Amino acid sequence: VRVPKIRAYAKTFNFEEARDFCINYKVKYFEEYFLKAVLLARICKQIAPETALQVVQEFIPEISNWSICDAFCSDLKIIKKYPQKFLPLIIKNLKSKKEFAQRTALNLARTYYLQGHYFKQILKEVLALKPTEYYAQMAQAWFMCEAYIKQQKLTKPALKNLTPQVYAMTERKLKDSFRVKK
């Protein structure tokens, strides 16, 4: 089943149905996990930020591939409204030893914290991370590329603090970007 079909199907769920699915249905397949991620992100828009924070933290250990991770992170629009409440969750997961917890934190940081007064703190935390797993490394490179595009003055000197693998990935992403002057 293609992702647009899953997203369209998720829109047919009302709040109660979405909550019931996420709580009671035992997901097994990729499409079910993807549906759960989309539904949880939609649910988070409709509940108190403290409860949404708990929902997000409880779902992160279930994330086991880049597609679900990236979709979930991009759909968590509640973070735009309450960045201060979600910042500790991101920092906690940046320090995790789990690849997709790190990737989730990096994607949330890239999606919601590249602008504004949280950027310096997030950049410091991202640079402290030395991921060894591919998907976390790629997310760190993606974060650094986007940070470079949006906050070049602060990001350019920080590139030297990346691991050689992440530096090479970041450099490749910057070269491939149409938003960086060559």
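Trainee: In this predicted model, how far apart are the N and O atoms in the salt bridge where the side chains of Glu146 and Arg179 meet?

Mentor: Glu146 lies in helix α10 (residues 134-150), while Arg179 is in the segment after α12 (164-176), so the pair ties together parts that are 33 residues apart in sequence. The side chains of Glu146 and Arg179 meet in a salt bridge whose N to O distance is 2.4 Å.

Trainee: Is Glu146 buried or exposed?

Mentor: The term buried applies under 20% relative accessible area. Glu146 has a relative accessible area of 10%, and therefore Glu146 is buried.

Trainee: Which residue forms a salt bridge with Lys95, and is that partner buried or exposed?

Mentor: The side chain of Lys95 meets that of Glu125 in a salt bridge, at 4.0 Å from N to O. This pair links distant parts of the chain, 30 residues apart, with Lys95 in the loop between α7 (83-94) and α8 (99-112) and Glu125 in helix α9 (residues 119-128). Lys95 is exposed, with a relative accessible area of 57%.

Trainee: What separates Arg19 and Glu16 along helix α2?

Mentor: Arg19 forms a salt bridge with Glu16, with 3.1 Å between the closest N and O atoms. Arg19 is partly exposed at a relative accessible area of 37%, and Glu16 is partly exposed at 44%. Because they are three residues apart in helix α2, the separation is about one helical turn.

Trainee: How many salt bridges does the structure hold?

Mentor: The pairs discussed so far include Glu146 with Arg179 and Lys95 with Glu125. For the structure, the number of salt bridges is seven.

Trainee: Which residues form a nonpolar patch on the surface with about 320 Å² of accessible area together?

Mentor: One member is in helix α5 (residues 66-75), namely Trp66. At 45% relative accessibility, Trp66 counts as partly exposed. The nonpolar patch is formed by Trp66, Tyr134 and Tyr135.

Trainee: Which helix supplies the largest share of the lining of the largest pocket?

Mentor: The largest pocket holds about 210 Å³ of space, and its lining divides into seven nonpolar, one polar and four charged residues. Among the lining residues are Arg19, Leu40, Val55 and Phe59. At least two residues of the lining come from each of α2 (15-24), α3 (30-44) and α4 (49-59). The largest share, four residues, comes from α4.

Definitions and conventions. Residues numbered from 1 in each chain as written. Predicted model: local features only at pLDDT ≥ 70, side-chain atom pairs only at ≥ 80, totals over all residues. Heavy atoms only, no water. 1 Å grid on protein atoms, 1.4 Å probe; cavity = no way out; pocket = protein on both sides within 12 Å on 5 of 7 lines; lining within 4 Å. Points joined across faces, edges and corners; volume = space filled by probe spheres on them. Nonpolar A, V, L, I, M, F, W, Y, C, P; charged D, E, K, R; others polar. Patch = residues over 30% accessible without salt bridge, like charges linked within 9 Å, V, L, I, M, F, W, Y side chains within 5 Å. Areas by Shrake-Rupley, 256 points an atom, 1.4 Å probe, with all protein chains shown as cover. Buried < 20%, exposed > 50% of the residue type's maximum accessible area, 1.4 Å probe, protein only.
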